[in-house]
Amino acid sequence: MKPNYIAGAWTEGPHASRNINPSDTRDLVGEYAQADAAQADLAIAAATAAFPAWSLSTPQQRFDILDAVGTEILARRAELGDLLAREEGKTLPEAIGEVVRAGNIFKFFAGEALRPGGESLPSVRPGVGVEVTREAIGVVGLITPWNFPIAIPAWKIAPALAWGNCVVFKPADLVPGSAWALAEILSRSGLPAGVFNLVMGRGSVVGEKLLNDPRVAAISFTGSVGTGQKVAAACVSRMAKFQLEMGGKNPMVVLDDADLNVAVNAAVNSGFFSTGQRCTASSRLIVTEGIHDRFIAAMVEKMKALKIDDARKAGTDIGPVVDASQLGQDTDYIGIAKAEGGQLLQGGERLERNADGAPGFYLTPALITGTTAEMRINREEVFGPVVSVIRARDYEEALHLANDTPFGLSAGIATTSLKHATHFKRHSQAGMVMVNLPTAGVDYHVPFGGRKGSSYGPREQGRHAAEFYTTVKTAYTQA
């Protein structure tokens with residue numbers, strides 16, 4: 001059993017969970033410790049004790065540690081990518097790409113440790129100077145999802161440590177392997193005991209402890225809307241800082257003047273790669289009348305060529321859904337869409353086994369046409385390889401439909417019109433906008449986040465992450 005990491009020591013848990021390969025459910029990836037509330041309490045206590053010294057550590061010390069972590073992640077990209085694909089189900093090239101992103105994130109925030117910033121200003125009063133600086137906020141609880149099991153932990157852990165905070169990290173219960181591998185690297189990085197703690201376990205146990213413990217100054221959460229709302233309520237009740245990244249129902253608009261190949265490739269990538277299990281996936285295609293039929297025909301041909309198989313096999317385009325529960329949710333929504341009048345034009349077939357006969361959670365990517373904006377398939381997040389199509393009269397209606405959602409994470413448009421592209425970038429009610437690109441796939445050095453029901457609080461990634469992981473101090477000095 002892989003243990004938790006608490007106060008600088010590997011600590012066995014009272015229970016264990018089994019990590020199963022969704023490409024081949026006969027394959028046990030490993031067994032991982034499940035912490036109880038007492039172990040979570042020990043982790044919080046260790047982080048609290050370590051914070052005074054770590055918050056005053058030098059930028060060079062923090063740079064050296066984070067840079068070394070990034071270097072090791074990048075050097076082990078093939079090994080870590082294989083583990084990620086095995087436990088989560090995204091294809092091997094996608095998994096290796098995610099590992100590379102995690103390594104680059106650590107290296108980026110190593111540099112940020114040397115660039116904390118600040119201002120020196122004259123006061124409006126003679127003889128008085130003003131300094132505006134940033135300081136660490138304390139113990140930070142980090143709760144991460146299963147769909148990006150190394151990149152999302154990286155973009156929370158690295159900035160937290162870079163600016164002098166101490167961390168209690170609770171990864172998704174479903175995919176602990178990549179999180180444990182990252183923790184193992186951090187355990188050898190030179191971090192003082194208690195600065196970083198890994199506490200694997202149930203959200204109802206470990207997560208609840210993090211939410212309600214007054215020693216935890218802030219919570220950064222990525223996951224479902226329902227759980228995010230619980231995080232917000234718990235943090236507000238004790239005035240803790242919180243940051244939420246939740247769901248999306250991201251639109252991709254395809255206009256009559258779009259380059260057909262560009263539009264189809266962007267839509268297939270956005271909707272189906274990583275098995276559609278990305279919060280930035282475009283699950284709503286809004287297509288204007290003049291190109292609608294040609295676009296749908298080209299989409300179907302592209303989808304027919306996709307290879308659905310074991311995530312680690314060369315040539316696989318789409319791996320399995322992560323587990324039986326998520327697979328059930330995907331197929332349920334396909335049924336709901338059909339019952340409401342949508343047409344399942346392509347895919348949506350449950351495959352019990354892959355090409356080698358191994359049992360797994362496979363679903364052929366589904367394209368549902370003839371849908372309208374009020375249907376549940378266009379209102380609720382499915383989080384799988386299921387894409388719906390809405391027909392629009394023109395750009396103005398397409399923009400209205402794109403914004404007609406309680407979410408606002410990512411949005412895309414395929415067009416050759418500079419006028420429409422410029423207008424869409426300004427008027428799309430989303431935190432991230434893509435023109436002639438997939439809605440999923442963002443750089444590691446720029447802000448990530450959305451609007452409306454998708455996100456709350458300061459942005460993640462890039463220099464904007466300082467807004468969450470630090471607090472501002474203004475100091476006056478009489479000369």
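The second largest cavity is lined by 16 residues, and those nearest its centre are P251, T405, F407, G408 and Q429. A cavity here is a set of points on a 1 Å grid over the protein atoms alone where a 1.4 Å probe fits but cannot get out, and lining residues have an atom within 4 Å of a point. The model is predicted, with local features needing pLDDT of at least 70 and side-chain atom pairs pLDDT 80 or more, while totals for chains, interfaces and linings use all residues. Residues are numbered from 1 along each chain as its sequence is written, and side-chain values use heavy atoms, without hydrogens and water.

**Cavities**
- The count is two cavities of 30 Å³ or more.

**Pockets**
- A pocket is an open set of points with protein on both sides within 12 Å along at least five of seven lines.
- The largest pocket has a volume of about 1,100 Å³ and is lined by 41 residues, with W146, F221, G223, S224 and T227 nearest its centre.
- The second largest pocket has a volume of about 330 Å³, and E98, R101, F148, R278 and G441 are the closest to its centre among 18 lining residues.

Methods. Grid points are joined across faces, edges and corners, and a volume is the space filled by probe spheres set on the points.
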